[in-house]
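Hi,

Here is the structure I promised to pass on. Have a look at it first, and then read my notes below.

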Amino acid sequence: MTASAPVVERPAKKEKRPTSFNEGTGRLAAILLSPTLLVLGVVVLFPIIAALRESLFQSGQHLDANGFVVQGSTFVGLENYTDIFKGETGHRFWNAFWNTTFFTVVCVALETVLGVAMALIMHKAFKGRGIVRASILVPWAIPTVISALLWKWIFQADGIANTLLGTQVLWSTEGWQSKFSVVIADTWKTAPFIGLLVLAGLQTIPAEVYEAAKVDGANAWQAFLRITMPLVKPALLVAVLFRILDTLRIFDLPFVLVGPHKDSVETLSMLAYDEALSVRYGPAAAYATVLFVYVAVVAYLFVKTLGADVIGEARASKSGGRRKKNGGSGTKAARAAVAAGAAPGTGGNV
């Protein structure tokens, strides 16, 4: 009987840690983005912090508690914010807040409807489409101040608007007509912007989708509601969000078209500008901060509301994937049990 030589066990190989392709990319991304973040900090973050600081001070000459004249900036805390809602200042603030909200809701609604109509027209193939596209986009290319001057000439007492209406309307005075003139001018100026973004969304829709809908018997209105609108919804929502944020900060159009110190069209931006022009930088910074918070809240609610369904669908698909995975595992286990004859009452015969 021969003794077998002992088998020498080889040392187990150390498993190499899989090298991730993304190693070091975080640091590289931070280095590459640092110039952009630095610029954003200088042009965005620093002005916000400076405005918040300025809103806590009052500058200029004023009397202290002892009746002495105080020159320079004085820390007043939240007094500039509380004064916004008091007395005549409070009435002026709420009037400007209402005007800002009114222009935002009415103008954006009209611009959305007209912008979608413009996009549908520009998307159609017909002779002279290039001229039509150029003519539709011209108002958006004109600077806002120039556009306001053009409409100011139109709405003069002896302008084209009164000639067409056959009546004498003083468009630049207090009243509904001044609001109406701002709405018309702003809609004419910025509706092509929404149309341009919606047109970009329309051009991504394959023609086969409409052909399939036509074969199924869908008419033009059904195709618009069930195909066009759902597919251009992302582009349309982005355009509407941009217009909401832009209209909340509206200043130059009513300022040039109607003029300052008009209760009918005075907005929060105009109110902050008037305070700064009167060398009341603390209250001006307080108005600007309130407007900034208002814009931020509206943007957050807009994105949160629109993103809720997307998050819900993602969670549903994720949970559905888990159920599918668990169901797949159960199916495999059942098949294994059946193959092994472990199913009760089968006796191993399948």
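**A salt bridge to start with**

Asp 274 and Arg 92 are joined by a salt bridge, with 2.9 Å between their closest N and O atoms. (A salt bridge here is a side-chain nitrogen of Lys or Arg within 4 Å of a carboxyl oxygen of Asp or Glu.) This pair ties together distant parts of the chain: Asp 274 sits in helix 11 (residues 268–277) and Arg 92 in helix 3, 182 residues apart. Asp 274 is buried, at 10% relative accessible area, while Arg 92 counts as partly exposed, at 23%. Buried means under 20% relative accessible area, exposed means over 50%, and partly exposed is in between, using a 1.4 Å probe and protein chains only.

Before you go on: this is a predicted model, where local features need pLDDT of at least 70 and side-chain atom pairs count only at pLDDT 80 or more, while totals for chains, interfaces and linings use all residues. Residues are numbered from 1 along each chain as its sequence is written, and side-chain values use heavy atoms, leaving out hydrogens and water.

**The rest of the salt bridges**

The whole structure has eight salt bridges. Which residues are linked in a network of them? They are Glu 111, Asp 186, Arg 243, Asp 246 and Arg 249. Within it, Arg 243 bridges to Glu 111, with the closest N and O atoms 2.8 Å apart. That pair spans 132 residues, from Arg 243 in helix 9 to Glu 111 in helix 3. Arg 243 also meets Asp 186 in a salt bridge (3.3 Å, N to O); here the partner is in helix 7 (residues 176–202), 57 residues apart from Arg 243. Arg 243 is buried, with 2% relative accessibility, and Asp 186 is buried too, with 7%.

**Helices 3 and 9**

The protein chain has 12 helices and four strands. These are DSSP runs numbered from the N terminus: helices are H or I with at least four residues, strands E with at least two. The axes of helix 3 (residues 87–123) and helix 9 (residues 220–248) come within 10 Å and cross at roughly 140°. (Axes are lines fitted to C-alpha atoms, for helices over the stretch in contact, and angles run from 0 to 180 degrees between N-to-C directions.) Among the residues that meet there are Phe 103 and Val 108 in helix 3, and Leu 236 and Val 240 in helix 9. Contact means heavy atoms within 4.5 Å.

Cheers
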